[in-house]
Amino acid sequence: MSSLSATEQAKRARVASRQLQSLATAQRDRLLENIANALEKHEGKIMQANEEDILAATNAPDIDQNLIARLKLSGQKIKNLSDGLRALSAMEEPIGKLVEQTEIANGLELSKVTSPLGVLLIIFESRPDALVQICGLCVRTGNGLLLKGGKEASNSNKCLHEIIVKEFDAFNVDRACVSLITGREEIKELLGLHDVIDLCIPRGGNALVTYIQNNTKIPVLGHADGVCHVYCDKDLDAEKACEIIVDSKTDYCAACNAMETLLIHEDLVKVNVHETLLGALKNAGVELFGGDRASKELSLPLCEKKRLEYGRFACTVEIVKSMDEAIDYIHANGSSHTDCILTINPLTAEQFLQRVDSACVFANCSTRFSDGFRFGYGAEVGVSTSRIHARGPVGVDGLLTTRCLMRGHNQSVKKRHRGGIHAQEN
């Protein structure tokens with residue numbers, strides 16, 4: 001544990017971020033590549049630390065066992081993380097990119113360019129792979145970073161953090177640029193640093209996100225729930241639909257982009273197509289619960305509540321009489337994360353895409369595609385269901401703001417009698 005206070009670590013992160021920003025593009029590219037290589041080189045060390053966390057979590061009565069799936073690393077995950085870092089390295093330089101340019105007056109030019117946000121506070125539960133993705137994005141965008149992971153991933157996080165910041169030395173960037181906060185008691189202090197920390201991104205369950213939102217003046221980016229819906233329209237290719245709904249639910253059931261509710265058009269029930277859909281889920285080991293109508297008509301146990309993120313091999317099933325009713329259901333009970341329609345009717349698919357007000361809206365594909373890496377961002381710092389600043393999987397663009405640069409030739413301003421401001425050449 002660092003002997004520095006949380007406030008001091010935040011201030012040092014800001015200073016170090018400016019060192020990172022001052023590196024040439026090729027240097028930051030190389031830094032990302034070096035981190036990727038280091039992760040692969042130390043795979044055995046990482047896996048050993050992760051196994052210690054998994055063992056401790058498995059035996060701990062106070063840790064939600066659903067988190068263990070998110071905690072587990074593998075050789076393939078480490079490779080994917082390294083590939084994501086290399087993808088970030090290959091990206092076009094995001095800092096200082098010209099957004100717009102205006103000539104204010106003769107010889108007086110205003111440019112708006114992209115710029116790092118500053119210092120980010122990321123609080124996350126269970127998933128040590130999130131640490132790597134976040135670090136990569138911050139190196140790419142030149143942001144300072146304060147990381148607070150869950151106690152269940154302490155060994156994994158410490159190991160990954162040490163491997164990553166060690167690579168900073170060769171580029172004369174202070175390791176404080178990416179600081180790992182280990183003390184639980186420091187969270188309250190960090191949340192009070194709205195004059196030092198520019199953005200807070202909580203990655204975890206509803207309780208964590210809600211607590212952060214209610215206890216800080218720092219802008220918060222993120223989502224509290226991942227209640228994703230898949231709607232099976234009356235015009236359906238059942239065989240293809242089965243593959244998509246099983247993938248959406250079972251590919252990684254603990255992820256925030258996993259399907260939690262399956263909506264079925266009533267016409268499919270009338271011709272027993274629902275039996276094929278539900279049979280595919282049951283064969284995949286998914287436990288089914290019914291909404292108000294499905295619990296009665298399909299003899300399913302009633303779901304605990306309509307808006308429920310299971311995070312395991314379970315989902316809610318409900319019957320709807322139309323796409324309009326499906327959309328109303330999604331808006332009433334969803335979390336505005338990711339929602340999908342399965343249909344062979346392109347007009348219906350387009351209507352759904354235009355009308356559903358979620359961060360990500362899909363047609364005829366798995367909800368599991370709602371991911372920064374799969375979107376081609378290289379990585380994601382989290383998923384935002386907010387409508388301000390960034391929405392959906394947040395990659396490089398979501399960690400940037402803009403600033404204005406003006407280049408002149410000895411101009412000054414002169415106030416007119418009506419209060420206008422005019423550029424006056426000297």
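The largest nonpolar core of the chain has 51 residues, and Leu 39, Ile 122, Leu 145, Leu 147 and Phe 168 have the most contacts inside it. Such a core is a set of buried Ala, Val, Leu, Ile, Met, Phe, Trp, Tyr and Cys residues joined through side-chain atoms within 4.5 Å, where buried denotes under 20% relative accessible area (1.4 Å probe, protein chains only). Helix α6 (residues 128-141) gives the most to this core, with 8 residues. Ile 122 touches Ile 134, Leu 145, Leu 146, Leu 147, Lys 148, Ile 201 and Val 381, residues up to four places away in sequence not being counted; contact means heavy atoms within 4.5 Å. A second, separate core comprises 31 residues, among them Val 246, Leu 268, Leu 288 and Leu 300.

The model is predicted: local features need pLDDT of at least 70 and side-chain atom pairs count only at pLDDT 80 or more, whereas totals for chains, interfaces and linings use all residues. Residues are numbered from 1 along each chain as its sequence is written, and side-chain values use heavy atoms, with hydrogens and water left out.

The chain has 15 helices and 17 strands, assigned as DSSP runs (H or I, at least four residues; E, at least two) numbered from the N terminus. Of its 426 residues, 54% count as buried. Among contacts between residues at least 6 apart in sequence, 71% join residues at least 24 apart.

Along its principal axes, the C-alpha trace spans about 80 × 60 × 40 Å.

Note on methods: Buried means under 20% relative accessible area, exposed over 50%, partly exposed in between (1.4 Å probe, protein chains only).
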